[in-house]
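Please brief me on this model, topic by topic. Keep it short and give the cut-offs.

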Amino acid sequence: MTKLFRLMLAALFLVTCATFTHAGDLDSFKGQGGALKIAGGTAHIPVMKVAAKMIIEAHPDIRITIAGGGSGVGIKQVGEGLIDIGNAGRKATDKEISNYGLVMHKWAIDGVGAVVNPQNPVTELTTEQLQGIFSGKIANWKELGGEDRAINLYDRDAASGTRSVFWKKGLKKADVSPKANVVPSNGAMKTAISGDPYSIGFVSVGHIDDSVAPVTLDGVAPTLDNVKNGSFAVARGLYSITKGDAQGLAKLFIDFLFSPTGQELVKAKGFVAVK
Amino acid sequence: MINAVKSFEHFCRAMAMGSGLLLIAILFMMAFLGWPLIESGRFIALFSTEWNPQGKSYGILPMVMGSLRITLLALFFSLPMSISAACLTELLAPRSLRRLLLIAIRFMAGIPTVVYGFVAIFLLVPLMREYFIQGSGFSIITASLVLAVLIAPTMIIFFVNGMQSVPRPYCAAVDSLGARPMQKFVYLLLPQAYPTFLVGIVLGLGRAMGDTLISLMLAGNSVAMPESIAESGRTLTAHIALVIAADFSSMEFTTIFVCGLTLTLFAICLILSIRLLDHFGSGRVIQVENPRRPGHE
C-alpha cells in the first residue's frame, strides 16, 4: 500500500512541477521543433526527465529522448556524434576532450554516499572501515556491530562516474574486492540494496530515499546540506557535454538547465545548484 | 511468370549468401579489432584469472568459466523440464488440454527476457538469499534457473514438432500393439525424432549462452573466479555489456572484441558438434528404416 501511495505522490509531484516554472524560462523554445537525443550518466536522469517533460508539454513539436548507459557511454556517444548531449558524472579526461573537441557544462553538484539496507543497524562508518569492507578484509556485519551475516558488496562498472568519485574520494583509491557484485546503474544499485538486508553499496545523493539508508562517513552524513557546505567531501560535478559549443536545441536545453527553473529542479531532485 | 520465379530465386540466394557472409565479416572484424592484443603477445595473458584494469591485468577466464557454467547448468535444469512438458503436451494430457498447453508454451516463448529478469529480482533472489544459499542471492545458480525457464519454450516447441513429424503409420502400429504413451515415447518417438531433439537443444544452448540481460541482472557480475555455483559470477555477454562503456582507446575496450570472438567460437563449436552428431544419427536412421517420409497415407 505504501508503494502505491509513493507512486501517487510521485505522480502528484510531476503534475505540480509546472508550478515552480519561472515565467519566461520556457519561451526560448518557442517555434522550435525536432529531436534532441540525450544519453549517459544515470545520476542525471531524474532532473533530465522532468526538464524534458516540461519542455515537451509547453512545445509539443520538440521530441526529447533520454537514455542511461553511464558516464563513459555519454562521453563516447556525444564524441562520436550519435547523440546531442552526453551526460557524465565525472570530468571527461584530457584525452577525450582533445580527441573529440568536447565542451563541458557543469549544472549541478552531487555527492556520492555509501548506502545500506534500512534494516541494517550499522549506519556509521569511518573511512578505514569503509576501505576494509570494500577490500573484503571486513567480511561480516558482526565485526561492525551488526548481525552475524556476510557482507554483500555491490560495486558499479568501471566506466561509472559515480564509482570513480566514490573510489577516489570515499575509498581513497583503496582496492575493491573482485568478489563484489556489479550493477549497471544508480537505479539498479538502489533496487539491489533495498532488496538485500546484508548489502552495502553507494549511490548519488540525489538517489537516496526511504528505500535505502545513508551511511554517515567519519561523522558526516551524505545529505544535500553537507554536500553544499563542503563538509561531505565525496562530491563531483554533474556535467552535460556537447561536441564543440552547444548549438540549436542542445544549447536551449542546457540554457534551460541553468535558468532559475532548471536550477530549482536541480534542488528539488536532491542536488546542489550551481547558480 | 517464369522470370519472376527466377528473380525471386536469385533474391533468396543473395539473401542467404549475404547472411552467411555477414557472419564471416563479423568474425573478421572482431579478429581485426582485437588484433593489437594478439600481436603484442598478450593474448595468452587474456586467459588468466584476474580482471583488474587499474592494475593492467585483463584476464577473461572467469567470464569464460561463468558463461560455460551458467549455460550448462541452465541446460541441466531445462532439459528434464522441457522433455516432460513436451511429453505432456503430445502424449499424456487429455486431447482438449493439449492445444491450450501448446498455446501457453508459444506465448511463453514470446515473453521478453527483461520481464523474467525483473520478476526474478523480486521473487527468486530473496528466496535464494534466505533459504538456499548464504550470500547476496545474485549467483550463477539463480541466473541459470531463470535461463532454464527462458530456453524451455524453444526446446519444447522443437520436441513437440519432432514428435509430430514421426510418420502416423508407425504411431498407429505402436498404438495397436497396446503400448502405453511413455513406451511409445521411449521406443518409437525418441529414436525416430532425436535429430530434431538435438536441434532444439542446440538452439536452447545458443540462446542461453547468448543471453545478456538475465545474467547481467541476476548472476551478480563479480569478476572473481567463481568457486561454486552459489557464488556471484559474470558471463562473457554481461562482461561486454559492462565494459563497452569504457574509453574507446583503452585496453579493456580492446579485450571485449576477444570476448566476442570467444563467444562466437563457442557457438560455432557447439553447432558443429551437434551437427556432426545429427549427421551420424540421421544417417543411421535412414539405413535401418525406410526413408522417413511415408508418402501418402
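Predicted model: local features only at pLDDT ≥ 70, side-chain atom pairs only at ≥ 80, totals over all residues.

Residues are numbered from 1 along each chain as its sequence is written, while chains are lettered from A and ligands numbered from 1 in the order in which they are written. Helices (H or I, at least four residues) and strands (E, at least two) are DSSP runs, numbered from the N terminus.

**Chain B overall**

- Chain B holds eleven helices and two strands.
- From the N terminus on, its elements follow the order α-α-β-β-α-α-α-α-α-α-α-α-α.
- The C-alpha trace of chain B spans about 70 × 60 × 35 Å along its principal axes.
- Of the 297 residues in chain B, 35% are buried. A residue is buried if 20 or more other C-beta atoms lie within 10 Å of its own, exposed if 12 or fewer, and partly exposed in between, with C-beta atoms placed from the backbone.
- Contacts need C-beta atoms, placed from the backbone, within 7 Å. Among contacts in chain B between residues at least 6 apart in sequence, 73% join residues at least 24 apart.

**Contact between the chains**

- Chain A gives 21 residues to the contact and chain B gives 22 residues.
- On the side of chain B that touches chain A, the largest share comes from helix α5 (residues 113-132) of chain B, with four residues.
- That side of chain B has twelve nonpolar, eight polar and two charged residues. Here Ala, Val, Leu, Ile, Met, Phe, Trp, Tyr, Cys and Pro count as nonpolar, Asp, Glu, Lys and Arg as charged, and the others, Gly among them, as polar.

**Helices of chain B**

- α5(B) packs on helix α6 (residues 140-164) of chain B at an angle of about 140 degrees, and their axes are 10 Å apart. Axes are lines fitted to C-alpha atoms, for helices over the stretch in contact, and angles run from 0 to 180 degrees between N-to-C directions.
- α5(B) and α6(B) are therefore oblique to each other. Angles under 35 degrees count as roughly parallel, over 145 as roughly antiparallel, 65 to 115 as roughly perpendicular and the rest as oblique.
- The α5(B)/α6(B) crossing is right-handed. A crossing is right-handed if the near helix is turned clockwise from the far one by less than a right angle, and left-handed if anticlockwise.
- In α5(B), T113(B), Y116(B), G117(B), A120(B), L124(B), V125(B) and M128(B) meet T142(B), L145(B), V146(B), V149(B) and L150(B) of α6(B).
- The contact of α5(B) with α6(B) has nine nonpolar, three polar and no charged residues.
- V114(B) also lies in helix α5 of chain B. With 11 other C-beta atoms within 10 Å, V114(B) is exposed.
- V114(B) and M217(B) are 103 residues apart in sequence, yet 8.7 Å apart in space, C-alpha to C-alpha.
- Helix α7 (residues 168-176) of chain B has zero of its nine residues buried, so it lies largely in the open.
- After α7(B) comes G178(B), with a positive phi near 85 degrees.

**Strands of chain A**

- Strand β6 (residues 152-156) of chain A has five of its five residues buried.
- N152(A), Y154(A) and R156(A) cover one face of β6(A), L153(A) and D155(A) lie on the other, and all are buried.
- β6(A) pairs in the parallel sense with strand β8 (residues 199-204) of chain A over two bridges. Strands pair if DSSP finds at least two bridges between them.
- S199(A) in β8(A) stands opposite N152(A).
- β6(A) also runs parallel to strand β7 (residues 181-183) of chain A, joined by three bridges. V182(A) in β7(A) stands opposite D155(A).
- Strand β11 (residues 235-243) of chain A is mostly covered, with eight of its nine residues buried.
- Strand β3 (residues 85-88) of chain A is antiparallel to β11(A), with three bridges. A88(A) stands opposite Y239(A) in β11(A).
- Strand β4 (residues 102-116) of chain A pairs with β11(A) in the antiparallel sense over nine bridges. G237(A) in β11(A) is the bridge partner of I109(A).

Notes:
Contact = placed C-beta atoms within 7 Å.
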